[in-house]
Amino acid sequence: MMRGLPTQIASLRRSAWRPRVEEVESAAAVSKFGGRPYLLPGEAWPTCQHCGQIMPLLLQLNFAELPPALRDEFGEGLLQLFYCVNADAGCEDACEAFSPFSEGKLTRIITPDGEPATLEPADAAAIFPARRILGWDECDDYPNWDEASALGVEYTEDDARRLSDDGFPRPGDKLSGWPYWVQGIEYPRCRLCD
């Protein structure tokens, strides 16, 4: 915890976890960035709903490998995120793939069942280099001034500068903590319950 913060700002502290990674490939049901996904036996590699090309795996998280404080938050299985990078078809723009619930990506939770399918995509260049997540390092995280203000906590100019200079909210890859917004607060709303 940062020392000397006003109590109202200190109360916004959340834990975040940064991944420790190594470059190694495995199709197994492990946590990783990129590489070959765990695919169920007989399953085809996921393709883009817009252009039909395979979508590279961006992230695969095995919930059993999460930090102990987060394991009970999500249940069991693998969270997988695939994202189309076909610039020729303009999938990112045409599908507004950056928006939640749009085409051009697939987010799913599956339950591993036996040995993964051994499947090579037609375009091996579409696979991002694999980085296996070996573990997680806990760190403090605080919101940016805009998010704090939306929660009723106003940063002074000095507090805002100090938090920003110390790297809050934490940028880069992390689990939990506060979002590192690029353009402003944009939490997606659930299509079922809003």
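Strand β1, residues 14-22, is joined to strand β7 by two bridges, and the two strands run antiparallel. Strands here are DSSP runs of E with at least two residues, numbered from the N terminus, and two strands pair if DSSP finds at least two bridges between them. Within this pair, Trp17 has Leu175 in β7 as its bridge partner.

The structure is a predicted model, in which local features need pLDDT of at least 70, side-chain atom pairs count only at pLDDT 80 or more, and totals for chains, interfaces and linings use all residues. Residues are numbered from 1 along each chain as its sequence is written, and side-chain values use heavy atoms, with hydrogens and water left out.

Let us turn to the sheet. Seven strands form an open sheet in the order β5-β4-β3-β2-β6-β1-β7, with antiparallel pairing. Its edge strands are β5, residues 105-110, and β7, each of which pairs on one side only.

I return to Leu175, which lies in β7, residues 175-176. Is Leu175 buried or exposed? Leu175 counts as buried because its relative accessibility is 15%, buried meaning under 20% relative accessible area with a 1.4 Å probe and protein chains only. Neighbours within four places in sequence aside, its contacts include Trp17, Leu61, Leu66 and Trp136, where contact means heavy atoms within 4.5 Å.

Definitions and conventions. Helices (H or I, at least four residues) and strands (E, at least two) are DSSP runs, numbered from the N terminus. Buried means under 20% relative accessible area, exposed over 50%, partly exposed in between (1.4 Å probe, protein chains only).
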